[in-house]
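Student: Could we go through this structure together? I would like to ask about a few regions in turn.

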Amino acid sequence: MNRSYDRFRLFLFLAVAVVCVTLSAFPTSWAGSGVIYDPGGLKSIDSCTTLKVGDEAPDFELKDLSGNTVTLSSFRGKKNVVLSFVPAAWTPVCSRQWPGYNIARDYFENHDAVVIGISVDNVPTLHAWVTEMGGLWFPVVSDFWPHGAVAKKYGILRSDGTSERALFVVDKKGTIRYTDVHDINKMPKLEHLIKALEKLDK
Amino acid sequence: MTGLRLACVWVALAMVLQGPAALAAQFTVDEAALNRLEFPVPENGKERAYLGLSGNNTFRLPSVRVPILFVEIFSMYCPICQSEAPKINELYTRIQKSPTLKDKVKMVGIGIGNTPFEVEVFRKKFEIPFPLFSDEDFSVEKISRQRIRTPTFLVLEVEQGNKVRILDALVGRIEDIAGLVENLEQTKGK
């Protein structure tokens, strides 16, 4: 009787323990709740930019999420600019990259820099996406139409119509001082970007 | 019977913390892999004292001198980790203020995929009071066959110098900090 009771207790304990570990995991974060579309591993780079450090950054005019026009050349003489192209809204790495820059605001501002987030998605999509992120301190602009025209100017439009995950640092003279056309599947390391900004101060 | 009681406490906690979506989710942890994780001993003396560590090399989780270790797996890029940070700081404060928990539960954070610089950005922004470690190489991914979501919280029982045993794994927001504190108070560590 005692032995069977012990077995029952052991069984009950194991059953409860398994439930504890497996069922208390719940994907409540939006990055894991099925809202995010995971395209799986993609070709790391699918374009070939000719832009290099020392070139003049191609100018552009794009609408931000409030309908305002953002013009790159308007920052000349005023601010350094970090152009952050991301491939697509609602995808895994992109959905984290800008929230990371969002909490690093001081690091950008310490080097007199602004970030401009650029995506080929349309404004309503970007609006929903950025709202879900909780908002961002920097402007996000849509390169939707003519589709990917700015990404094409920068030589980073991929064959599927998305852009590369790319960073360009443009100084106050409008000159490109840093480029990183990154593996689309990976997050660029923040310190590489901040170090590039540090060099602008020298 | 202690084990059964302990398990029941954490089942109750799981019910407090989880929503209906939980039923579809599964998250299992490979304890052997968890015990193999290695981190540098913090340079900061206050953090070394908090964790009861010495030396300048690396340590494994069973070396932390505490009965219960609460681990947050986070990323500085994760918006949920960012919005939850004040709440997790509150958990730390409650633990430190509780006479029963102060020496029983310690907290650490592991920045999955984050460089030390990125971990530092997170620490500074949210004034995280407990030790954070960089896991630039995603070594934490080895503890589960499932993809590690952030934030993930592990409640570990520490068998001093030998191994850690998982009491619970929680993924996502923690809705009820007071309930979690209550359950930590009832949990008996070794």
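This is a predicted model: local features need pLDDT of at least 70, side-chain atom pairs count only at pLDDT 80 or more; totals for chains, interfaces and linings use all residues.

Student: How many helices and strands does chain B have?

Tutor: Chain B has six helices and seven strands. Along the sequence their pattern is α-α-β-α-β-β-α-β-α-β-β-β-α.

Student: And what share of chain B is buried?

Tutor: Of the 190 residues in chain B, 43% are buried. As for contacts in chain B between residues at least 6 apart in sequence, 68% of them join residues at least 24 apart.

Student: In what order do the five strands of the open sheet in chain B stand?

Tutor: The order is β5-β4-β3-β6-β7 in chain B, with mixed pairing. Strands β5 and β7 (163-171) of chain B are at the edges and have a single partner strand each, so one side of each lacks a neighbour in the sheet. From one strand to the next, the twist averages 25 degrees.

Student: Is β4(B) mostly covered or mostly open?

Tutor: Strand β4 (residues 105-112) of chain B is mostly covered, as eight of its eight residues are buried. That holds for both faces: B:V105, B:M107, B:G109 and B:G111 are buried on one side, and B:K106, B:V108, B:I110 and B:I112 on the other.

Student: Which way do β3(B) and β4(B) run relative to each other, parallel or antiparallel?

Tutor: They run parallel, and seven bridges join β4(B) to β3 (residues 68-74) of chain B. B:F70 has B:M107 in β4(B) as its bridge partner. Between β3(B) and β4(B) the chain passes through helix α4 (residues 79-97) of chain B, in a right-handed β-α-β crossover.

Student: What about β4(B) and β5(B)?

Tutor: That pairing is parallel too, with four bridges between β4(B) and β5 (residues 132-135) of chain B. B:G109 is opposite B:L132 in β5(B). Here the chain crosses through helix α5 (residues 116-126) of chain B, and this β-α-β crossover from β4(B) to β5(B) is right-handed.

Student: Where does the antiparallel pairing of β3(B) come in?

Tutor: It joins β3(B) to β6 (residues 152-159) of chain B, over six antiparallel bridges. In β6(B), B:V155 stands opposite B:F70.

Student: Back to α4(B): what span should its 19 residues have?

Tutor: At 1.5 Å a residue, the 19 residues of α4(B) should span 27 Å, and this agrees with the 28 Å between the end C-alpha atoms. The helix α4(B) does bend, by about 45 degrees at B:A85, with the proline B:P86 following within four residues.

Student: What covers the buried residues of α4(B)?

Tutor: Both chains contribute. The cover includes α2 (94-103) and α4 (123-133) of chain A, together with β3, β4, α5 and α6 (177-186) of chain B. Among the buried residues of α4(B) are B:I80, B:I88, B:L91 and B:I95.

Student: Changing topic, where does B:E127 lie?

Tutor: B:E127 lies in the loop between α5 and β5 of chain B. Its phi is near 50 degrees, a positive value in a residue other than glycine.

Student: Which residues does the cis peptide bond in chain B join?

Tutor: It joins B:T150 and B:P151, with omega about -5 degrees. B:P151 is in the loop between β5 and β6 of chain B. In chain A, the peptide bond from A:W145 to A:P146 is cis, with omega near -10 degrees.

How values were computed:
Residues are numbered from 1 along each chain as its sequence is written. Chains are lettered from A and ligands numbered from 1 in the order in which they are written. Helices (H or I, at least four residues) and strands (E, at least two) are DSSP runs, numbered from the N terminus. A residue is buried if 20 or more other C-beta atoms lie within 10 Å of its own, exposed if 12 or fewer, and partly exposed in between; C-beta atoms are placed from the backbone. Two residues are in contact if their C-beta atoms, placed from the backbone, lie within 7 Å. Two strands pair if DSSP finds at least two bridges between them. A crossover is right-handed if, with the strands pointing away from the viewer, the path from the first strand over the helix to the second runs clockwise. The expected span of a helix is 1.5 Å times one less than its number of residues. The bend at a residue is the angle between axes fitted to the seven residues ending there and the seven starting there. Axes are lines fitted to C-alpha atoms, for helices over the stretch in contact, and angles run from 0 to 180 degrees between N-to-C directions.
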